[in-house]
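Hi there,

Here is the structure I promised to pass on.

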Amino acid sequence: MALAAAVLLLLPGILFTAMAATPYPHGRGGDPLLGASKKYEGSSDLVDLRYHMGPVLSAAPLRLYVLWYGRWDPAHQAPVRDFLLSISDPSPPRPSVADWWATAALYADQTLANVTRRVALAGEAADESASLGRSLSRLDIQRVLASTVAAGHLPADTRGGAYLVLTAPGVGVQDFCRAVCGFHYFTFPSLVGHTLPYAGGRCADVCAYPFALPSYMSRSGMAALRPPNGDAGVDGMVSVIAHELAELATNPLINAWYAGEDPTAPTEIADLCEGVYGTGGGGGYAGKVAVDKQGRSWNVNGRKGRKFLVQWLWSPEAKACVGPNASD
Ligand SMILES: *[C@@H]1O[C@H](CO)[C@@H](O)[C@H](O)[C@H]1NC(C)=O
């Protein structure tokens with residue numbers, strides 16, 4: 001979801017709310033279209049995903065810079081790093097992370113430049129002491145990036161760079177662990193000196209869906225899926241990062257690909273398929289996904305034999321949610 005937005009997505013019954021860049025978040029409750037979003041798999045007439053003339057992230061490679069904020073366990077960083085490195089890795093067996101990203105690469109801008117299929121992990125920095133504290137506001141995310149760049153720990157890569165601010169457990173971002181699973185936006189020159197696209201995400205409870213279910217769902221007898229890398233928080237975060245990266249690439253300045261009339265509440269290519277991980281997914285059912293011998297659910301292969309579970313993306317060609325593990 002774009003940070004500009006205050007969209008309420010009533011998906012598997014969970015409220016997903018994008019953060020508002022404006023100081024006056026104005027949630028749009030109970031949107032009947034979004035509430036039914038699972039149902040438009042295969043029937044696209046209700047989705048008005050349109051192009052708004054802005055750029056997509058087309059530089060090849062897209063250079064990702066990760067800022068690990070707070071104290072991260074290296075065992076938890078590894079799957080995240082491997083996921084990012086898998087996006088343009090052709091070697092894992094199909095269905096692969098790269099196959100999944102191919103849907104994002106179907107989007108182009110008015111210069112006919114497509115979202116790049118090449119994604120590189122160009123740099124990492126750590127702010128272990130959580131220099132701006134354990135409760136970040138939205139603008140604090142930009143301030144953290146500004147100080148990291150000013151200190152020379154990450155470059156200001158204005159020609160194809162994008163930034164991920166990944167907060168450790170115990171660090172809260174305003175509105176983040178209550179209603180927002182992830183966000184993306186761009187930095188302001190007044191704060192950071194440059195316009196740099198960035199994304200972030202972290203949550204345990206509802207944002208680790210489908211590895212953790214909100215209590216009202218588990219009460220209704222639904223079971224959480226077992227996370228492919230053994231940690232609901234980290235696997236949930238990979239899923240949120242996947243969602244945000246796809247949207248960052250196709251709508252980096254909130255003026256490219258989104259549905260809806262209101263750019264402060266855009267519905268983007270991953271929002272349209274939230275909660276869909278396989279054929280038949282929707283309405284609280286993740287869809288048909290693979291399950292390994294230990295009972296862990298996954299739908300794409302990554303590097304080093306890793307497996308991940310990422311949600312499907314809206315395809316501008318199929319006009320439906322599409323994923324590489326489709327079984328029909
Ligand atoms: C680039 O975008 C166009 C227009 O959406 C699409 O038809 C084409 O398949 C895309 N190319 C790749 C390599 O995905």
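Below is what I found in it, starting with the chain as a whole.

A word on ground rules: residues are numbered from 1 along each chain as its sequence is written. This is a predicted model, so local features need pLDDT of at least 70 and side-chain atom pairs count only at pLDDT 80 or more, while totals for chains, interfaces and linings use all residues.

Of its 328 residues, 50% are buried. Buried here means 20 or more other C-beta atoms within 10 Å of the residue's own, exposed means 12 or fewer, and partly exposed is in between, with C-beta atoms placed from the backbone.

Now to the core. The largest nonpolar core holds 85 residues, where a core is a set of buried Ala, Val, Leu, Ile, Met, Phe, Trp, Tyr and Cys residues joined through C-beta atoms within 7 Å. Helix H7 (residues 232-250) gives the most to this core, with eleven residues. Among the residues with the most contacts inside the core are Leu145, Val165 and Tyr198. Five of its five residues are buried, so E10 is largely enclosed by the rest of the structure. On one side sit Pro197, Ala199 and Gly201, and on the other Tyr198 and Gly200, all of them buried. E10 runs parallel to strand E7 (residues 161-167), joined by three bridges; strands pair if DSSP finds at least two bridges between them. With strand E9 (residues 182-186), E10 pairs in the antiparallel sense over five bridges. Gly200 is the bridge partner of Val165 and also of Phe183.

Next, the ligand. Around the ligand are Ala105, Leu106, Tyr107, Ala108, Asn114 and Pro316, each with its C-beta atom, placed from the backbone, within 6 Å of the ligand. By class, this shell has five nonpolar, one polar and no charged residues; Ala, Val, Leu, Ile, Met, Phe, Trp, Tyr, Cys and Pro count as nonpolar, Asp, Glu, Lys and Arg as charged, and the others, Gly among them, as polar.

Finally, Ala318 lies in the loop between strands E16 (313-315) and E17 (320-322). Ala318 counts as partly exposed because it has 14 C-beta neighbours inside 10 Å.

Best wishes

Terms used:
Helices (H or I, at least four residues) and strands (E, at least two) are DSSP runs, numbered from the N terminus.
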